[in-house]
Amino acid sequence: MLIAPDIELRRADPADAQALADAVVRNREFMRAWDPYRPEEYYTARDQAERIAEPSGVMWLLFDRAADGRVVGRAALNGIHLGPLCSANLGYWVDADYRGRGLIPAAVEEICRAARDELGLHRIEAGTLTDNAASQRVLAKCGFVRYGLAPKFLHINGDWRDHVLFQRILHDDPPAYGRA
């Protein structure tokens, strides 16, 4: 689906692994302030293919159709739990050269729709570093509500860093197995 005139959002496929690896390599320094330590294998197509195929998650990629289909962002639902929890954790990033274009809010809205309508999830949570105001604005714009603080949540850029926690309730229907 198009989320901007030349930007397509679609579910990742293992065939996208090299393009995704190229994107994470290209943005390695840019993402250092927000990303946990990544071993060198992370920056390979093989590792990205494994991440795409991870059974407890769903990954979407943003492609710039005007730049030969180059990957310019990623969003994923990880730790998907069904049953009485029906929840997942959202993570995302956008290429340094594509910031400020509203791509991530558009992607997050589509992912929330898919999480509700296709995956049957009730809730999505996300966390940001306490000083990541841009990501907090994205979540607020997309209907996420701040609900807590996780002290020393992730080891990022050499330190255990606190995270602000957000959630978005997608619906109040019972889980699929509990529907009459």
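Biologist: Which residues is Leu90 in contact with, leaving aside its neighbours within four places in sequence?
Modeller: Ala76, Leu77, Val108, Ile111, Ile124, Glu125, Ala126, Leu139 and Phe144. Contact means heavy atoms within 4.5 Å.

Biologist: What sort of model is this?
Modeller: This is a predicted model, where local features need pLDDT of at least 70, side-chain atom pairs count only at pLDDT 80 or more, and totals for chains, interfaces and linings use all residues. Residues are numbered from 1 along each chain as its sequence is written, and side-chain values use heavy atoms, with hydrogens and water left out.

Biologist: Back to the core. Which residues have the most contacts inside the largest nonpolar core?
Modeller: Leu77, Leu90, Val108 and Phe144, in a core of 33 residues. A nonpolar core here is a set of buried Ala, Val, Leu, Ile, Met, Phe, Trp, Tyr and Cys residues joined through side-chain atoms within 4.5 Å. Buried means under 20% relative accessible area, exposed over 50%, and partly exposed in between, with a 1.4 Å probe and protein chains only.

Biologist: Which helix gives the most to this core?
Modeller: Helix α4, residues 103-117, with eight residues. Apart from this core lies another, of 15 residues, including Ala17, Ala23, Tyr42 and Phe63.

Biologist: How many helices and strands in the protein chain?
Modeller: Five helices and eight strands, in the order β-β-α-α-α-β-β-β-α-β-α-β-β along the sequence. Both are DSSP runs numbered from the N terminus: helices are H or I with at least four residues, strands are E with at least two.

Biologist: New topic. Where does Val145 lie, in which strand?
Modeller: Val145 is in strand β7, residues 145-156.

Biologist: Is Val145 buried or exposed?
Modeller: Exposed, because its relative accessible area is 51%. Beyond neighbours within four places in sequence, Val145 is in contact with Leu165, Phe166 and Gln167.

Biologist: What share of the 180 residues is buried?
Modeller: Buried residues make up 43% of the protein chain.
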